[in-house]
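Here is my note on the model, point by point. Please keep the structure open while reading.

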Amino acid sequence: MGAKLLSISRFLSSERIGELDNETDYYVDLSALVGFIKSNDTQMLNFEQLFYSFNDNISFICDSIYENDIKYLFRYVFDDFANIDVEAEEAVLDQVDKTVVEPKDVRKITDLNETELEAFYNSFDSRLYGHERFKKEFKEIVDSFRVFNKIGEHKILSLFLMGDSGVGKTEVARSIHKALGSKSKLAKVNFGNYSSHDALNSLIGSPLGYIGSDGGELVKRMSETDVGLILIDEFEKADNAVFNYFLDVLENGKIVNSQAEEYDVNGYIIVFTSNISKDDFKRKISPELRSRFDYKGMFNLLTEEDKLKFVHYRVNQIIDKYKEYVSYNVPERIHDEVVGAIDVKEYKNMRDLNKKIKDTFVEKIKKY
């Protein structure tokens, strides 16, 4: 029809609209907006304001499969909607611009050879105390994930871990993080901060056109790590828009920020933790999202034997760090003194037990 076809994704702010030639006819395709706005309706006002920045030489179109959605979403923006009936011998359309961010060089579970994988399992098992059934099942789903990821049928390995606070859910992610040989921070996002209606803005970036808009906390945390692992803590506290966003992430293996930049997370492990019960899990999380989780498990309290093993491990860990950073002159008997002063029966929560270990170590080391 002699007009230039563009995608709305090109216009991340009204400033980009000003770059268009006023003498050229343009058709701007709105198809990309439908899914985005349906999952985050707080963006609607910003897009309505954006339309008023376009000049009269701009027309808007949308793929017919989104006809009902587009008529409802933009019922207050456009006076009329009409089907386009055009015949052409050849239609050559501009490709929709997508900004694909090159993935950072991270170490993923899918990259390990058999020798490295065995070392990973050994390290993981030694770091995570108790939960023997989970360890066995974890190996099975990792082995399956590695096979089907290679043939393109399984992009992200997702674990949803439930249970009381302090039973070791977060420790699973920390153990994977260290077992993959990370030298950097764990990419962790606490969804206790994402319960408000505009939570998705903080997670993936400010709305289009906002000054200072960036990629959001999720991409920031990913950029700080060197392994393909993300921990989402207190997932049940998030807003529904965030739930819908992760439904798409787990399906497509891509994280997209508000600037329409795509980050490929194919081969990643995402650990979701929650304090909810099994019954609340069914009530709070939609069936569509529940079905996306590869593993759903309830973590119970550790046995006294497991807690005692943890005390021995943690005390040795603290002593090694003390020798490295403070003084190598540590009496050999301090390990037994610290362990002997702690009654693991008194502690159900691992965080409380860990605090007791640290307090006892300080108390004993002061004597020397």
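**Notes on strand pairing, helix packing and cores**

1. Start at strand S5. Leucine 161 stands opposite glycine 297 in S11. Four bridges join S5 to strand S11 (residues 295-298), and the two run parallel. Strands pair here if DSSP finds at least two bridges between them. S5 also pairs with S10 in the parallel sense, over six bridges. There, phenylalanine 160 stands opposite phenylalanine 272.

2. Ground rules. This is a predicted model: local features need pLDDT of at least 70, side-chain atom pairs count only at pLDDT 80 or more, and totals for chains, interfaces and linings use all residues. Residues are numbered from 1 along each chain as its sequence is written, and side-chain values use heavy atoms, with hydrogens and water left out.

3. Overall make-up. The protein chain has 15 helices and 11 strands. Helices (H or I, at least four residues) and strands (E, at least two) are DSSP runs, numbered from the N terminus. Of the 368 residues, 45% count as buried. Buried means under 20% relative accessible area, exposed over 50%, and partly exposed in between (1.4 Å probe, protein chains only). Of the contacts with a separation of 6 or more, 74% come from residues 24 or more positions apart. Contact means heavy atoms within 4.5 Å.

4. Burial of S5. Six of its six residues are buried. Leu157, Leu159 and Leu161 point one way, while Ser158, Phe160 and Met162 point the other way.

5. The open sheet. Three strands lie in the order S1-S2-S3, with parallel pairing. Strand S1 (4-7) and strand S3 (58-61) are the edge strands, each pairing on one side only. The twist averages 30° from one strand to the next. S1 pairs with strand S2 (residues 26-29) over four bridges. Lysine 4 has tyrosine 26 of S2 as its bridge partner.

6. Helix packing. Helix H5 (residues 114-127) and helix H7 (residues 169-179) pack at an angle of about 145°, with axes 9 Å apart. Axes are lines fitted to C-alpha atoms, for helices over the stretch in contact, and angles run from 0 to 180 degrees between N-to-C directions. H5 contributes Phe120, Ser123, Phe124 and Arg127 to the contact, and H7 contributes Val172, Ser175, Ile176, Lys178 and Ala179.

7. Eight of the 11 residues of H7 are buried, so H7 is largely enclosed by the rest of the structure. Among the buried ones are Lys169, Thr170 and His177. The cover includes H5, helix H6 (132-150), S5, S7, S10 and helix H15 (350-366). Just after H7, glycine 181 takes a positive phi of about 80°.

8. Which residues touch the most other members of the largest nonpolar core? They are Phe191, Leu203, Phe235, Phe246 and Ile255, in a core of 35 residues. A nonpolar core is a set of buried Ala, Val, Leu, Ile, Met, Phe, Trp, Tyr and Cys residues joined through side-chain atoms within 4.5 Å. Elements that each supply at least two residues include strand S5 (157-162), helix H8 (199-204), helix H9 (216-223) and strand S10 (269-274). The largest share, six residues, comes from H10.

9. The second core. A separate core of 28 residues includes Leu117, Leu128, Leu157 and Ala173. In soluble globular proteins, nonpolar side chains tend to be buried together.
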